[in-house]
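Thanks for making the time this morning. I would like to take you through one model, slowly, and then stop at a pair of helix contacts.

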Amino acid sequence: MALLNDLINMNLSDHTEKIIAEYVWVGGSGMDMRSKARTISKPVSSPSELPKWNYDGSSTGQAPGEDSEVILYPQAIFKDPFRGGNNILVMCDCYTPQGEPIPTNKRNNAAKIFSHPDVVAEVPWFGIEQEYTLLQKDVNWPLGWPVGGYPGPQGPYYCAVGADKAFGRDIVDAHYKACLYAGVNISGINGEVMPGQWEFQVGPSVGIEAGDQMWIARYILERITEIAGVVLSFDPKPIPGDWNGAGAHTNYSTKSMREEGGYEVIKKAIEKLGLRHKEHIAAYGEGNERRLTGRHETADINTFKWGVANRGASIRVGRDTEKEGKGYFEDRRPASNMDPYVVTSMITETTLLWKQN
Amino acid sequence: MALLNDLLNLNLSDHTEKIIAEYIWIGGSGMDMRSKARTISKPVSCPSELPKWNYDGSSTGQAPGEDSEVIIYPQAIFKDPFRGGNNILVMCDCYTPQGEPIPTNKRHNAAKIFSNPEVAAEEPWYGIEQEYTLLQKDVNWPLGWPVGGFPGPQGPYYCAAGADKAFGRDIVDAHYKACLYAGINISGINGEVMPGQWEFQVGPSVGIAAADQLWVARYILERITEKAGVVLSFDPKPIMGDWNGAGAHTNYSTKSMREEGGYEIIKKAIEKLGLRHKEHIAAYGEGNERRLTGRHETADINTFKWGVANRGASIRVGRDTEKEGKGYFEDRRPASNMDPYVVTSMIAETTLL
């Protein structure tokens with residue numbers, strides 16, 4: 001095994017029963033992902049077989065130095081596309097040693113909402129469209145853009161091919177296969193309107209899985225950009241001016257919406273979302289006001305409006321759904337840097353549990 | 001087999017019973033690792049089947065030129081991750097032709113301590129967290145740092161991913177699998193607080209095995225950085241200023257500590273360590289005074305203090321251990337360039353003998 005790559009790609013299962021588990025968690029900013037690995041004595045099939053672990057919270061802004069242990073609880077397992085074999089990625093959430101979720105742990109509350117009987121009965125489905133921008137290392141300018149200048153205006157880039165129109169496809173395609181290998185329910189990819197910007201979709205996933213899968217998909221993407229020597233950005237408006245922002249449109253449906261008469265249920269749900277517009281916007285991602293301007297296929301941040309096939313609306317209902325009288329709708333307000341645990345559980349809470357006073 | 005790599009990756013076992021044994025030892029500085037290989041007629045399963053060997057001690061600062069033979073005794077065998085097949089790495093220690101351990105041989109004394117009946121009965125376990133820094137070749141500036149400048153301050157790098165936050169993961173991941181292949185009890189890895197700095201952990205291992213495994217793990221790491229064209233540093237404070245140092249925190253427990261009432265045993269052991277603080281510090285690695293400042297998650301070198309979950313202490317006890325009344329504790333004082341034979345045996349000696 002002469003090359004570095006021979007060692008990295010070694011199939012451990014030929015030599016030992018031991019596996020490597022990479023524990024992944026969300027750090028102190030609410031968007032930074034952190035991970036570290038440990039050896040497990042033999043393959044596992046569910047998170048409950050894995051030990052809780054801990055990390056130095058004082059190094060991630062999540063605990064003070066004199067009481068720094070933050071405990072990691074394994075919540076979801078995926079196959080590790082980087083180490084192969086029986087090695088795994090483990091999505092975790094964070095607790096104090098006393099068992100309380102730390103303030104940046106948004107999964108705990110989401111899990112409570114998703115296990116409420118009224119919610120469970122409605123089997124909420126989510127499809128999240130994650131947009132992101134690739135930046136050149138060191139200069140932090142979008143990939144493919146001339147340093148010190150700009151490419152030609154938007155128009156030719158959406159879903160395009162060609163060395164002058166699509167920048168970074170290697171990363172996008174590697175990510176697509178890696179996610180499928182890992183067991184993430186990735187449903188598609190496309191090049192976006194702004195050059196250097198891409199999108200992938202995860203779903204349909206039920207309840208809390210949507211958040212788990214989206215976070216792992218983001219982690220896998222950051223590991224791949226690391227390999228490619230490119231910087232990943234989830235900023236909702238990476239370049240000011242006549243350039244699209246990046247969002248995380250969240251598609252949603254419940255059992256009732258998917259059945260006969262569902263369209264009426266959808267309209268009622270949208271009404272409730274309209275009544276809590278400010279609360280949702282506050283939780284839909286930092287810096288979203290730079291993106292939701294009313295231009296570039298967004299609705300103004302202070303306005304709530306919905307429409308069929310309307311990409312300038314806060315909420316868009318597809319023509320199919322209108323025609324068949326049932327289906328799903330798309331909340332276009334979340335920014336690319338939203339927390340999927342927060343957004344999915346909040347949409348669920350507002351439409352299924354919240355009662356207007 | 002046209003390419004160099006085809007030859008390097010040739011599976012010898014298809015063609016001959018002979019194996020290659022790479023004998024490894026520690027050189028004159030106490031930190032430099034040396035090795036050379038020899039052909040053995042057929043596969044072996046334990047060190048006693050291997051012949052003693054010798055090397056030119058005058059070339060490593062370990063013997064005078066006119067009487068330069070230093071004898072190496074095989075002590076532990078591991079599978080060779082670079083040559084594959086039945087080939088092996090052999091951890092050795094060094095003796096004069098008369099059979100005396102040479103001054104830099106720290107294993108010999110450690111083995112005596114670990115075979116003392118009182119120590120053996122207590123089954124001392126060690127988990128060592130080895131931190132290290134990767135440097136760009138030729139300029140010796142940390143990997144990923146702009147030459148002539150500095151990266152953004154610490155914060156984003158600990159356990160992070162991304163081309164702007166994690167530098168050298170290939171080396172770390174190759175090392176993890178290579179060690180598992182070799183039979184080293186590597187228990188985990190993580191990216192450290194300073195960019196370009198990483199950590200791996202070996203253990204829990206019993207007695208002398210802990211240090212044998214750590215030395216071979218260090219050797220494997222240096223062979224891998226050699227392949228990657230990157231320089232490996234075990235300096236305890238590679239960059240002055242607001243940048244973390246590199247340590248080798250040593251986790252320790254004995255049978256009594258792991259059983260009911262263990263927490264009291266732990267507290268007594270920590271007390272004894274406190275009384276010999278100066279002696280331990282003197283043996284915990286050169287240059288440690290640049291690292292143990294009381295800042296950057298260390299306790300000041302002249303202070304001995306311990307605490308639960310306190311990363312600013314000399315000795316840290318985990319919350320689990322406090323809660324369950326038994327477990328282990330972490331000596332955070334050793335520097336990354338410590339000798340594990342010295343540190344593990346000294347902790348055992350102070351707490352048990």
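This is a predicted model: local features need pLDDT of at least 70, side-chain atom pairs count only at pLDDT 80 or more; totals for chains, interfaces and linings use all residues.

Chain A contains 10 helices and 13 strands. Its radius of gyration is 21 Å, close to the 21 Å that the globule rule gives for 357 residues, so chain A is as compact as a globular protein of that length. Taken along the principal axes, the box filled by the C-alpha atoms of chain A is roughly 60 × 55 × 45 Å.

Now to chain B, where the domain names come from UniProt, in both cases from an unreviewed entry. The record places a "GS beta-grasp" domain at residues 19–99 of chain B, and in the model that span is 0% helix and 48% strand, with its end C-alpha atoms 28 Å apart. The record also places a "GS catalytic" domain at residues 106–353 of chain B, a span that is 38% helix and 19% strand and whose end C-alpha atoms lie 18 Å apart.

Let me move on to the helices. Two packed helices are described by the angle between their axes and the distance between the axes.

Which way does helix α2 of chain B, residues 107–115, run against helix α10 of chain B, residues 340–352? Their axes come within 9 Å and cross at roughly 30°, and because angles under 35 degrees count as roughly parallel, that is how α2(B) stands to α10(B). The crossing of these two helices is left-handed. On the α2(B) side the contact is made by B:Arg107, B:Ala110, B:Ile113 and B:Phe114, which meet B:Tyr341, B:Thr344, B:Ser345, B:Ala348 and B:Glu349 in α10(B). Sorted by class, this contact comprises 5 nonpolar, 2 polar and 2 charged residues.

Helix α10(B) also packs with helix α5 of chain B, residues 208–228, at an angle of about 160° and with the axes 9 Å apart, which means that α5(B) is roughly antiparallel to α10(B). Here the crossing is right-handed. From α5(B), the residues B:Ile208, B:Ala210, B:Ala211, B:Asp212, B:Leu214, B:Trp215 and B:Arg218 meet B:Pro340, B:Tyr341 and B:Thr344 in α10(B). The residues of this contact divide into 7 nonpolar, 1 polar and 2 charged.

If you want something to find in the viewer, look for B:Tyr341 and B:Thr344 in α10(B), which are listed in the contact with α2(B) and also in the contact with α5(B).

Note on methods:
Residues are numbered from 1 along each chain as its sequence is written. Chains are lettered from A and ligands numbered from 1 in the order in which they are written. Side-chain values use heavy atoms; hydrogens and water are left out. Axes are lines fitted to C-alpha atoms, for helices over the stretch in contact, and angles run from 0 to 180 degrees between N-to-C directions. Helices (H or I, at least four residues) and strands (E, at least two) are DSSP runs, numbered from the N terminus. Angles under 35 degrees count as roughly parallel, over 145 as roughly antiparallel, 65 to 115 as roughly perpendicular and the rest as oblique. A crossing is left-handed if the near helix is turned anticlockwise from the far one by less than a right angle, and right-handed if clockwise. Contact means heavy atoms within 4.5 Å. Ala, Val, Leu, Ile, Met, Phe, Trp, Tyr, Cys and Pro count as nonpolar, Asp, Glu, Lys and Arg as charged, and the others, Gly among them, as polar. UniProt positions are given in the numbering used here, feature names are shortened, and annotations may be inferred rather than shown by experiment. The radius of gyration is taken over C-alpha atoms; the globule rule is 2.2 Å times the number of residues to the power 0.38.
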